[in-house]
Amino acid sequence: MDVTRLKDSWKKVAAYGDEVPLFFYSSLFITHPETRSLFPVSMAGQRDRLVGALGRIVSDVDRVDELVPFLQGLGRDHRKFAVVAEHYPAVGQALLHTLAHFLGPEWKPELAEDWSEAYGLVAKVMTEAADEAARTTPPWWEARVISHERRSADVAVITVQPEYELEYRPGQSVAVETRLRPNVWRFYTPANAPRRNGTIEFHVRLVGGGPVSTTLVQSVQPGDSLRLGAPVGDRLLLTGKRDLLLVAGGTGLAPFKAMIEQLRAEQAAGDVRRVSLFVGAPYARDHYDYPALHELAGACPWLRVVPCVSREAPRPGVESGDAVDVALRYSTWPDEDVYVCGSPEMVTGTLRRLAQAGVTEDRVRYEDFDTTSTSGGNP
């Protein structure tokens with residue numbers, strides 16, 4: 001398999017943009033119509049994920065240590081779409097047909113062999129990971145909504161009860177599907193550490209044009225059923241023993257609440273770490289979970305909670321400015337590990353400000369849910 005030839009050919013194909021996934025899915029659904037039921041009615045978001053995932057695979061094809069975990073995650077994650085081993089040949093056929101179409105006369109036997117070999121390895125790793133996961137976990141968990149609180153016009157706090165225990169670690173994310181939007185999954189991070197009763201709390205912000213978030217905030221009610229996928233992600237897991245600086249934007253608060261609950265149990269066992277949590281929002285009214293945070297801070301002397309507002313004047317107990325700027329004013333960050341969570345725009349801006357302030361990359365942790373990840377995003 002010629003890695004350079006693979007990368008060069010994909011670069012040429014990817015230059016056609018949206019035409020590539022359109023052709024691929026048309027080919028797949030025409031030749032194997034049974035696969036159409038695996039996908040949502042609207043394919044707009046799915047098209048972006050196909051190109052992103054292929055780009056990630058091709059770019060890492062010569063870095064096996066990085067590629068294999070990514071493929072294993074994809075294989076495990078795809079179980080929730082009811083993907084089985086028999087579907088992989090159909091996808092491979094459509095992929096080769098797509099490459100041949102866009103490469104034209106450059107699609108020669110040796111290049112076709114390279115791509116066939118590469119796809120065969122990808123399919124092998126993904127199916128083996130899926131088979132291994134199937135021995136211990138279901139493809140999804142059915143969960144009943146036991147409470148639904150509208151905290152603001154665009155934020156809901158939803159508590160669910162999985163049918164049986166779903167094991168996860170604070171900072172990991174869980175895919176969520178509602179029957180009102182079948183085959184459309186979005187990832188949300190539990191806002192609590194695992195509980196004895198198994199309930200999970202999600203903080204959901206309505207994103208314009210987001211079918212899942214809109215439905216979860218506006219339409220889902222107690223008693224409804226959701227499906228939950230297996231937990232993923234390790235970027236926000238607690239590591240080391242340093243004090244912590246947590247910078248949250250909006251519902252990016254959720255994983256930090258779960259992490260603080262975990263720390264509360266560890267502190268009780270004598271593992272003391274100081275934590276500063278800076279929560280950003282445009283206006284004070286947007287701090288939808290402030291009462292719970294205030295109560296938590298009162299119960300944890302090692303925890304400091306600082307609400308921040310960026311579009312109005314400060315008031316007692318609320319600082320003015322973006323959360324990261326306020327954090328840098330308060331913090332002694334050389335002695336702290338920094339965690340960041342929020343919208344993609346908030347995370348990008350925060351990382352830039354931290355870098356400008358001299359915070360080194362090795363001290364900063366954040367979740368990067370883009371179109372090449374197994375999660376696909378959070379709208």
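R304 touches V275, S276, L277, F278 and Y330, leaving aside residues up to four places away in sequence. A quick word before I go on: this is a predicted model, so everything I show you is read from predicted coordinates.

Where does R304 sit? R304 is found in strand β9. Along the chain, R304 and R274 are 30 residues apart, yet in space their C-alpha atoms are 8.2 Å apart. As for the surface, R304 is partly exposed, with a relative accessible area of 33%.

Now let's look at the strand pairing around there. Strand β8, residues 275-281, pairs with strand β9, residues 303-309, in the parallel sense, and there are seven bridges between them. Lying across β8 and β9 is helix α9, residues 290-299, which runs at about 155° to β9. Another helix, α11, packs on the sheet too: α11 touches β7, β11 and β12, and its direction makes about 155° with that of β11.

So what does that whole sheet look like? We have an open sheet of six strands with parallel pairing, in the order β10-β9-β8-β7-β11-β12. Strands β10 (319-320) and β12 are at the edges with a single partner strand each, so one side of each has no neighbour in the sheet.

Let me stay with α11 for a minute. This helix covers residues 344-356, which is 13 residues, and from first C-alpha to last it reaches 18 Å, close to the 18 Å expected at 1.5 Å a residue. Which residues of α11 are buried? They are M346, V347, G349, T350 and L354. The elements covering those buried residues include β7 (243-249), α10 (323-330), β11 (336-341) and β12 (364-366). Just after α11 you reach G358, which takes a positive phi of about 95°.

Going through some of the pairs: β1 and strand β2, residues 155-162, run antiparallel and are joined by seven bridges. Within that pairing, S147 stands opposite T159 in β2.

Next, β6. Strand β1, residues 141-150, pairs with β6 in the antiparallel sense over four bridges, and E142 stands opposite R227 in β6. Strand β3, residues 174-178, also pairs with β6 in the antiparallel sense, over three bridges, and in that case T178 is opposite L226 in β6.

Here's a general point to keep in mind: in a regular strand the side chains alternate between the two faces of the sheet. Which residues of β6 are on the covered face, and which on the uncovered one? In β6, residues 225-228, L226 and L228 make up the covered face, while S225 and R227 make up the uncovered one.

What does the record say? UniProt, in an unreviewed entry, lists residues 138-238 as "domain: FAD-binding FR-type". In the model, that span is 8% helix and 36% strand, and its end C-alpha atoms lie 26 Å apart.

Let me also point you to R36, in the loop between α2 (19-31) and α3 (44-59). R36 counts as partly exposed, at 28% relative accessibility. R36 and E367 are 331 residues apart along the chain, and their C-alpha atoms are separated by 31 Å.

Last thing, confidence. The average pLDDT for the protein is 87, and 92% of the residues score at least 70. Over residues 370-379, though, the pLDDT is below 50, and that stretch has 34 contacts in the model beyond near neighbours in sequence. Where pLDDT is low, the predicted coordinates should not be read in detail. That's it from me.

Methods:
Residues numbered from 1 in each chain as written. Predicted model: local features only at pLDDT ≥ 70, side-chain atom pairs only at ≥ 80, totals over all residues. Heavy atoms only, no water. Buried < 20%, exposed > 50% of the residue type's maximum accessible area, 1.4 Å probe, protein only. Helix = DSSP H or I, 4+ residues; strand = E, 2+ residues; numbered from the N terminus. Pairing = 2+ DSSP bridges. UniProt positions renumbered as here; feature names shortened; annotations may be inferred. Expected span 1.5 Å × (residues − 1). Contact = heavy atoms within 4.5 Å. Axes fitted to C-alpha atoms, helices over the stretch in contact; angles between N-to-C directions. pLDDT = per-residue confidence, 0-100.
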